[in-house]
Amino acid sequence: MNIPNGVKNILNTLNASGESAYIVGGAVRNSIMGRTVNDYDVTTSALPDKIEDIFSDFSTVNVGKSFGTVVVYVEGTAVEVTTHRKESGYSDGRHPDGVLYTESIHEDLARRDFTMNAIAYSENGGYIDPFGGISDIKKRTVRCVGNAEERFNEDRLRVLRAIRFSSELGFELHEDTAKAVHAYANKLDGLSKERISAELCRLLCGENVKQTLTEYSDVIISAIPALERIYKYDQGNPYHIFDLYEHTVNCVSYIEPALHLRLAALFHDIGKPLCKSVDTEGIFHYKGHPAVSEAISYSVLKGLRLPTKLCQTVCTLIKYHDERISPDSVRIKRLMSKMGADMFFDLLKLQKADILSQNPKFYSRLESLNEVYRQANEIVKTGTALNVKDLKINGNDIVALGVRPGRQVGEILNALLDGVVSNKLYNDKEMLIEKAEEIIRRGVANE
Ligand code: ATP
Ligand code: MG
């Protein structure tokens, strides 16, 4: 295993004090898989006070002395150094009742969640792998250490971790682990929203997201009950060959793994069932569903304790997801100006994923979308003004024409931007001043 010098230094320093020390957890797993290792966790026989003593010349932070964890900073990396521990029973379905330190690396590995996460490594001793973690990694399998039901009963977060790892790493769950996941799917109520949300966000951005959302829909719906109403919901419309949950899952998998895009895909149609109408031919329609989806999504996303800015971005994409954008440069510029160019391109990605998840008979819609994309790129390339800030004049210029600073200045600038976006004006200082004077003369700001 390739170990950075800083981490080697920590292992050697602990060994020199007569303590055992190993790298454990994600670093070992990822390095066996050939994935990049972001952070290193070290486990040692040294007790927390001793760890602090040994590293008194280093910068350390005692993050959770009660759990035996000290963060040591060395050569620019933060390494969590944790005393070997075992746990003494779980009565709340999430936290161990107490932490017992142990001299035994085997006991420490036995309390870990999955075999792939229960491998220790040291330079002198090589791998310690009592539960067959390396073989499971090779088989691309997530398997609980010990009895899966017992492990999930101890800590329900492991249910979500199991499927999150499956989505991120592209692993299948071992049969017993999968069975236990289903058995515990509806027992997530004791978990904090923050922890649920953190796991779901990582799961959503995983490479294997389609399979995970499909096979473990029971866990997903238990974590986000609002999705219940789209599960197995027949869309009753020729545009669709999938039920609403399947369509949603496809849409999530077709869009690139950026959190805001995946969340927008997950919730874009959540309001549909509330907007259903049936025409004389028995075909279902969902007029107004984007606004309803937007409203439901906002409360669900806030409930997941996601940052307000992220909730707003996701909701804006949902609001416009069904907007028919015709390949007309003025209309494109108007929408780009209203949403911002980045958000507009994100909207096109969402619309593309949405079309790809519908009936392939209607894939021809992609042609018009590609043309919109081409024109939007052109608009960005030519540096067309899309924002008042892009105009060749600013508020001071308007004030210099005798307008009192305040709201009216903004209104005049907006009117000028609208003129430029609609191809009625050039973004040329002289022409804009002339138009501003005309607006002031007429006393109407937003004609
Ligand atoms: P990543 O950092 O990519 O999420 P990781 O394996 O490092 O992967 P962490 O959450 O950082 O995951 O945890 C570090 C290690 O601690 C895990 O590899 C596992 O051995 C152990 N661990 C973490 N959470 C639990 C848990 N809920 N139950 C049992 N062991 C756990
Ligand atoms: Mg980690």
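This is a predicted model: local features need pLDDT of at least 70, side-chain atom pairs count only at pLDDT 80 or more; totals for chains, interfaces and linings use all residues.

Q: How far apart are the end C-alpha atoms of α15, and what span should its 13 residues have?
A: The ends are 19 Å apart. At 1.5 Å a residue the 13 residues should span 18 Å, so the two values agree.

Q: Now α18. What span do you expect there, and what does the model give?
A: Helix α18 covers residues 365-381, which is 17 residues, so at 1.5 Å a residue it should span 24 Å. Its end C-alpha atoms are 25 Å apart, and that agrees too.

Q: Which residues of α18 are buried?
A: Leu366, Leu369, Val372, Gln375, Ala376 and Ile379. The cover over those buried residues includes α16 (329-339) and α17 (341-356).

Q: Let's stay with Gln375. Why does Gln375 count as buried?
A: Because its relative accessibility is 14%, and the cut-off for buried is under 20%.

Q: What is Gln375 in contact with, leaving aside neighbours within four places in sequence?
A: Gln375 is in contact with Pro327, Asp328, Ser329 and Ile332.

Q: And what follows α18?
A: Gly383 does, with a positive phi near 70 degrees.

Q: Which residues other than glycine have a positive phi?
A: Arg140 is one of them, at about 55 degrees. Arg305 is another, with phi near 60 degrees. For background, most residues other than glycine have a negative phi.

Q: Where does Arg140 lie?
A: In the loop between α5 (133-138) and β10 (141-142). Arg140 counts as partly exposed because its relative accessibility is 38%.

Q: Where does Arg305 lie, then?
A: Arg305 is in the loop between α14 (289-303) and α15 (308-320). With a relative accessible area of 47%, Arg305 is partly exposed.

Q: Switching topic to α12. How many of its eleven residues are buried?
A: Eight of the eleven, so to speak a mostly covered helix. The buried ones are Leu244, Tyr245, His247, Thr248, Val249, Asn250, Cys251 and Val252.

Q: What do the buried residues of α12 pack against?
A: Helices α9, α10 (209-215), α11 (217-223), α13 and α17.

Q: Take α13 from that list. At what angle do the axes of α12 and α13 cross?
A: Roughly 165 degrees, with the axes of α12 (residues 244-254) and α13 (residues 259-267) coming within 8 Å. That makes α12 roughly antiparallel to α13, since angles over 145 degrees count that way. Thr248, Cys251, Val252 and Ser253 of α12 make the contact with Arg262, Ala265 and Leu266 of α13.

Q: Is the crossing of α12 and α13 left-handed or right-handed?
A: Right-handed.

Q: How do the axes of α12 and α17 cross?
A: They come within 8 Å and cross at roughly 130 degrees. That makes α12 oblique to α17. The crossing of α12 and α17 is right-handed.

Q: Which residues meet between α12 and α17?
A: On the α12 side it's His247, Cys251 and Tyr254, and in α17 they meet Leu350, Ala353, Asp354 and Leu356.

Q: What does Arg195 touch, not counting residues up to four places away in sequence?
A: Arg94 and Leu157. As for Val70, which is 125 residues from Arg195 along the chain, the two C-alpha atoms are separated by 22 Å.

Q: Last topic, the domains. How is the protein chain divided?
A: Into domain 1 (5-133), domain 2 (140-223), domain 3 (249-381) and domain 4 (389-446).

Q: What separates the centres of domain 1 and domain 4?
A: A distance of 64 Å, with the centres taken over C-alpha atoms.

Notes
Residues are numbered from 1 along each chain as its sequence is written. Chains are lettered from A and ligands numbered from 1 in the order in which they are written. Side-chain values use heavy atoms; hydrogens and water are left out. Helices (H or I, at least four residues) and strands (E, at least two) are DSSP runs, numbered from the N terminus. The expected span of a helix is 1.5 Å times one less than its number of residues. Buried means under 20% relative accessible area, exposed over 50%, partly exposed in between (1.4 Å probe, protein chains only). Contact means heavy atoms within 4.5 Å. Domain bounds come from an automatic or database domain assignment. Axes are lines fitted to C-alpha atoms, for helices over the stretch in contact, and angles run from 0 to 180 degrees between N-to-C directions. Angles under 35 degrees count as roughly parallel, over 145 as roughly antiparallel, 65 to 115 as roughly perpendicular and the rest as oblique. A crossing is left-handed if the near helix is turned anticlockwise from the far one by less than a right angle, and right-handed if clockwise.
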